[in-house]
Amino acid sequence: MNKVQQITDAIVQQGILPLYFHPDETTSIEVLRALYYAGVKAVEYTNRGEAAFSNFKKMVEVRNVEMPGLLLGIGTIKNRQHATDYLTAGANFLVSPGFVKEVADHAVSNDIFYAPGCMTPTEIIAAENAGLTFIKLFPGNMLGTEFLTTIKDIFPKLLFMPTGGVDATKESIESWYKAGVCAVGMGSKLVSKKLMETKDYAGIEKATKEVLEIIASVKK
């Protein structure tokens, strides 16, 4: 099995891609542990602050020692240099807020999973023509479930995952699954700033387990 398919399967199977960033290295690692203990096998850390790269390298070190089987990806990739730096640091996959052709071309040529953020049919077509199969609908709260319902039949070979606007409730998650998603991306609605600031890692683990249970029930 190629790497793209392996990561695709992992995200689809767990039905969620948790994503977060925190400037503190220790907090970043503890959140990763909490997600892993909850049963998550793929996590996106976002490239959003000056400390992101050094934090990520340390997270990879800890993952390699403590968290067998965990796929650790990097989000907010905006150019080829970002992609190259993080792949060298040990990133298993790449995610962007938009479609970046130079990143797509590199990913497709090297069997690297890359999920671009798309908001229009034009962007989705560009991603599909570049050879990508997994699309991040972003921002999900602006697009809504009706957008996916309307365009999904045009792209029968693509997988869609909304990020932004997915609440940690059965109603919200179920509405997206009924629209045809393969998974949901969840950031602050799952790993909230409050839980991170209060270092409530048990709370993050509990919330993640609850969402995984909701997804399992919705997918039945």
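Where does T27 lie? T27 is in helix 2, which covers residues 25-38. Before I go on, please note that this is a predicted model.

Let me stay with helix 2 for a moment. Helix 2 has 14 residues, and from its first C-alpha to its last it reaches 20 Å, close to the 20 Å expected at 1.5 Å a residue. Ten of those 14 residues are buried, so helix 2 is largely enclosed by the rest of the structure. The buried ones are T27, S28, I29, V31, L32, R33, A34, L35, Y36 and A38. What do the buried residues of helix 2 pack against? They pack against strand 1 (16-20), strand 2 (42-46), helix 3, strand 3, helix 9 and helix 10.

Back to T27 itself. Its relative accessibility is 1%, and T27 counts as buried. Leaving out residues up to four places away in sequence, T27 touches H22, M196, K199 and Y201. One of these, K199, sits in the loop between helix 9 (193-197) and helix 10. K199 is not a glycine, yet it has a positive phi of about 55 degrees. For background, most residues other than glycine have a negative phi, and most peptide bonds are trans.

There is another case of that kind. T76, also a residue other than glycine, has a positive phi near 60 degrees. T76 lies in the loop between strand 3 (71-75) and helix 4. Is T76 buried or exposed? T76 is buried, with a relative accessible area of 13%.

The peptide bonds have an exception too. The bond from F138 to P139 is cis, with omega near -5 degrees. P139 belongs to the loop between strand 7 and helix 7. Next to this bond in my list is a charge over a ring: K136 lies over the face of F138, at 4.7 Å from the ring centre.

Which residues of helix 7 are buried? They are G140, L143, F147, L148 and I151. These residues cover an arc of only 105 degrees around the axis, which puts them on the same side of helix 7. On the other side of helix 7, N141 and E146 are exposed.

The buried residues of helix 7 are covered by several elements, including strand 6 (117-118), helix 6 (121-129), strand 7 (134-137), strand 8 (159-162) and helix 8 (170-179). Helix 8 also holds K178. K178 is exposed, with a relative accessible area of 69%. The C-alpha atoms of K178 and V218 are separated by 9.0 Å, while the two residues are 40 apart along the chain.

In soluble globular proteins, nonpolar side chains tend to be buried together. Here the largest nonpolar core has 80 residues, and those touching the most other members are I11, Y20, F56, I124, F160, V184 and I204. Helix 10 (residues 201-219) gives the most to this core, with seven residues. To take one member, I124 is in contact with C118, I135, L137, F147, I151, F155, L158 and F160, leaving aside its neighbours within four places in sequence.

Last, the aromatic rings. How many aromatic pairs does the structure hold? There are eight. In one, the rings of Y36 and Y37 have centres 6.5 Å apart and planes at 55 degrees, so the pair is tilted. Y36 is buried at 16% relative accessible area, whereas Y37 is partly exposed at 49%. Another pair, F53 and Y86, is edge-to-face, with 5.1 Å centre to centre and 85 degrees between the planes. This pair links distant parts of the chain: F53 is in helix 3 (residues 52-66) and Y86 in helix 4 (residues 80-89), 33 residues apart. F53 counts as partly exposed, at 29% relative accessibility, and Y86 is buried, at 3% relative accessible area. Finally, Y20, F21 and Y45 form one aromatic cluster.

Conventions. Residues numbered from 1 in each chain as written. Predicted model: local features only at pLDDT ≥ 70, side-chain atom pairs only at ≥ 80, totals over all residues. Heavy atoms only, no water. Buried < 20%, exposed > 50% of the residue type's maximum accessible area, 1.4 Å probe, protein only. Helix = DSSP H or I, 4+ residues; strand = E, 2+ residues; numbered from the N terminus. Arc of directions from axis to C-beta. Contact = heavy atoms within 4.5 Å. Core = buried A, V, L, I, M, F, W, Y, C linked by side-chain atoms within 4.5 Å. Phe/Tyr/Trp six-rings, centres within 6.5 Å; stacked < 30°, edge-to-face > 60°. Lys NZ or Arg CZ within 6 Å of the ring centre and 35° of its normal. Expected span 1.5 Å × (residues − 1).
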